[in-house]
Amino acid sequence: MERHTSTSYDREINNLGAQIHAMGKLCEWQLAKAIKAFKITDKRLADEVIKADRQVNELHRKVETDTISVLAKRQPVAGDLRYIICVIKIASEFERIADYAANISKRVLRLEGTPFTLSTDYVIDMARECRTMINSVLDAFDRLDELAAVAVWQKDNDVDKQFVRFMNTLKREAEKCEDSADAFTGYIFIGRCLERIGDHVTNISENIYYIKTGDTYLSHFDEL
């Protein structure tokens, strides 16, 4: 962001960015721990992730409060206004990502082991890709790099393809495993959570693109 004549205004803007960064890092940590809990069926770790969701919710409320304060006090226009409005939206996206990480952990509490070996590997790979996307989109946000944001947006295709392969593999493994209905539905739920996390990261990418350009990435395609 461009510097302002008021240093206090700069501090307020920078503080919003720092809060978004903190939310993103906490979400990435939650996802990493949720998948580790899934991999080794660690219910204590899963419970830790569920409890950490409150921290993200608190950060979300703080971002909302601070953005409203800046809007009321500074009456921003143009790029500043886009940034502040998108900060609210990005915070909401991270809040949803944290919810999905917590939901994965809640499902881990109900699982008894990981009976589907190949499908487990797909879950781990999808989660790794999602974590990379989170870190990359945070870097794009910190630098307000619209091209980096577009690169993250495009990576969601990889998550979607992995999800399709995961579902096909899971169905084949479930057919060979008796009494696996509960685990089967649990795996589907976890895979769907990861797929949705990828979607929310792409939404963050679109907001970064909008901050920098004043346009949406999808509308760019519509014009081609």
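Residues 24 or more positions apart account for 83% of the contacts in the protein with a separation of 6 or more, a contact being heavy atoms within 4.5 Å. The model is predicted: local features need pLDDT of at least 70, side-chain atom pairs count only at pLDDT 80 or more, and totals for chains, interfaces and linings use all residues. Residues are numbered from 1 along each chain as its sequence is written, and side-chain values use heavy atoms, with hydrogens and water left out.

## Overall architecture

The secondary structure consists of 7 helices and 0 strands, in the sequence pattern α-α-α-α-α-α-α. Helices (H or I, at least four residues) and strands (E, at least two) are DSSP runs, numbered from the N terminus. The C-alpha trace spans about 70 × 45 × 20 Å along its principal axes.

## Surface and charge

Of the 224 residues, 50% count as buried. Buried means under 20% relative accessible area, exposed over 50%, and partly exposed in between (1.4 Å probe, protein chains only). The accessible surface comes to about 11200 Å², and 49% of this area belongs to carbon and sulfur atoms. Accessible areas come from the Shrake-Rupley method with a 1.4 Å probe; for residues, only the protein chains shown count as cover.

There are 32 positive and 37 negative side chains, with the centres of the two sets 4 Å apart. Lys and Arg count as positive and Asp and Glu as negative, while His and the chain ends are not counted. Each charge is placed at NZ of Lys, CZ of Arg, CG of Asp or CD of Glu.

## Selected residues

| Residue | Relative accessibility | Class |
|---|---|---|
| Leu194 | 0% | buried |
| Ser180 | 9% | buried |
| Leu144 | 9% | buried |
| Thr41 | 25% | partly exposed |
| Pro115 | 40% | partly exposed |

Leu194 is found in helix 6 (residues 181–213). Not counting residues up to four places away in sequence, Leu194 touches Leu31, Ile35, Ile104, Val123, Met126, Ala127, Cys130 and Val159. Its C-alpha atom is separated by 18 Å from that of Lys171, 23 residues away along the chain.

Ser180 lies in the loop between helix 5 (146–175) and helix 6. The side chain of Ser180 reaches the backbone oxygen of Cys177 at 2.9 Å. This is a polar contact, defined as a pair of N or O atoms within 3.5 Å; within protein, one must be able to donate a hydrogen and the other to accept it, and residues adjacent in sequence count only if both atoms are side-chain atoms. Ser180 also touches Phe116 and Ala174, again leaving out residues up to four places away in sequence.

Pro115 is placed in the loop between helix 3 (78–108) and helix 4 (117–143). Apart from neighbours within four places in sequence, Pro115 is in contact with Ala183 and Tyr187. Pro115 and Phe184 are 69 residues apart in sequence, with a C-alpha to C-alpha distance of 9.1 Å.

Two loop residues have positive phi values without being glycine. Thr41, with phi of about 50 degrees, is in the loop between helix 1 (7–40) and helix 2 (43–74). Leu144, with phi near 45 degrees, is in the loop between helix 4 and helix 5.
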